[in-house]
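Subject: Structure for your review

Dear colleague,

I am handing over the structure below, together with notes on what turned up when I went through it. Please read the notes with the coordinates open beside them.

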Amino acid sequence: MKTSPIIALDFDSAEKTFEFLKSFEGNLNVKVGMELYYKEGPPIVAILKEAGYDVFLDLKLHDIPNTVMSAMAVLAGMGVDLVNVHAAGGKRMMEAALEGLDKGTPAGLKRPSLIAVTQLTSTDERQVREEQLIQVPLQDSVLHYAQLTKESGLEGVVCSVHEAAAIADVCGNSFYKVTPGIRMADGGQHDQKRIATPDEARKSGSTHIVVGRAITGATDPRAAYERVNALWKGTD
Ligand code: C5P
């Protein structure tokens, strides 16, 4: 993926997606998540790729190793740039995901990069302690999953901006730290808990930011994107 912000295309139809993209130029980074993919299926990915977008297919696979391997082989055949799993699926599952991607990548194409979700950015300390029964602080849980992901051979993790610097210390600067939960200082938090601004993301060592509602929900999405991009690049 390019280093520009990844726009989360959280729309329920191809029609709304292309209406939204109409005001943008150039080959953006976009993220297709469950809502759009489950509605429109593989053709939406094919159309976006053909139009020149870099596509992060965010389906967060989490199943037994064999199932994840087979599913990843299918996703690799679609020519996406970035896919993901939940690190909680374990080391064997993550390795199987990589094997599936290797198997399914068509000759001459680059294998999609693979990253793992550590703890969702909508998760907070209380949930980690009371719902997941994890007895260490959230940051330690994220760091543990990041190390497991690195040992499994993946390219990086999805985490919040607040854990990016600690992950860089342990896993290195080039290990992907893809960070959702991005909000403008004057914007709403919605269902996200571990949020940060684009400039905080840059300063903390995020390698990529994922931005949804701060752009898609803005009255002028193009202007919102430019604002996010300037803060992310440090050029504002
Ligand atoms: O609208 P918002 O900026 O909160 O959108 C964030 C996007 O990133 C959503 O599509 C969500 O599914 C995704 N995401 C996330 N937290 C993760 C992984 C993905 O918010 N850990």
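**Cores**

Once its neighbours within four places in sequence are set aside, Val85 is in contact with Lys60, Leu61, Val68, Met72, Met93, Met94, Ala97, Leu114, Ile115, Ala116, Val117 and Leu154. Please keep in mind throughout that this is a predicted model. Val85 also stands out within the largest nonpolar core, which has 53 residues and in which Leu57, Met72 and Val85 touch the most other members. Apart from that core lies another, made up of 12 residues, including Val128, Leu143, Ala146 and Cys159.

The largest pocket holds about 540 Å³ of space. Its lining comprises 26 residues, of which Asp10, Lys31, Asp58, Lys60 and Gln192 are the closest to the centre of the pocket; Lys60, as listed above, is also among the contacts of Val85. In terms of secondary structure, strand S3 (54-61) and strand S8 (208-211) each supply at least two residues of this lining, and the largest share, 3 residues, comes from S3. By residue class, the lining of the largest pocket divides into 11 nonpolar, 8 polar and 7 charged residues.

The second largest pocket holds about 170 Å³ of space, and of the 14 residues that line it, Met184, Ala214, Ala218, Ala224 and Arg227 are the closest to its centre. The lining of the second largest pocket divides into 5 nonpolar, 4 polar and 5 charged residues.

**Helix H8**

Just after H8, Gly172 takes a positive phi of about 100 degrees.

With best regards

Definitions and conventions
Residues are numbered from 1 along each chain as its sequence is written. This is a predicted model: local features need pLDDT of at least 70, side-chain atom pairs count only at pLDDT 80 or more; totals for chains, interfaces and linings use all residues. Side-chain values use heavy atoms; hydrogens and water are left out. A nonpolar core is a set of buried Ala, Val, Leu, Ile, Met, Phe, Trp, Tyr and Cys residues joined through side-chain atoms within 4.5 Å. Buried means under 20% relative accessible area, exposed over 50%, partly exposed in between (1.4 Å probe, protein chains only). Contact means heavy atoms within 4.5 Å. On a 1 Å grid over the protein atoms alone, a cavity is a set of points where a 1.4 Å probe fits but cannot get out, and a pocket is an open set with protein on both sides within 12 Å along at least five of seven lines; lining residues have an atom within 4 Å of a point. Grid points are joined across faces, edges and corners, and a volume is the space filled by probe spheres set on the points. Helices (H or I, at least four residues) and strands (E, at least two) are DSSP runs, numbered from the N terminus. Ala, Val, Leu, Ile, Met, Phe, Trp, Tyr, Cys and Pro count as nonpolar, Asp, Glu, Lys and Arg as charged, and the others, Gly among them, as polar.
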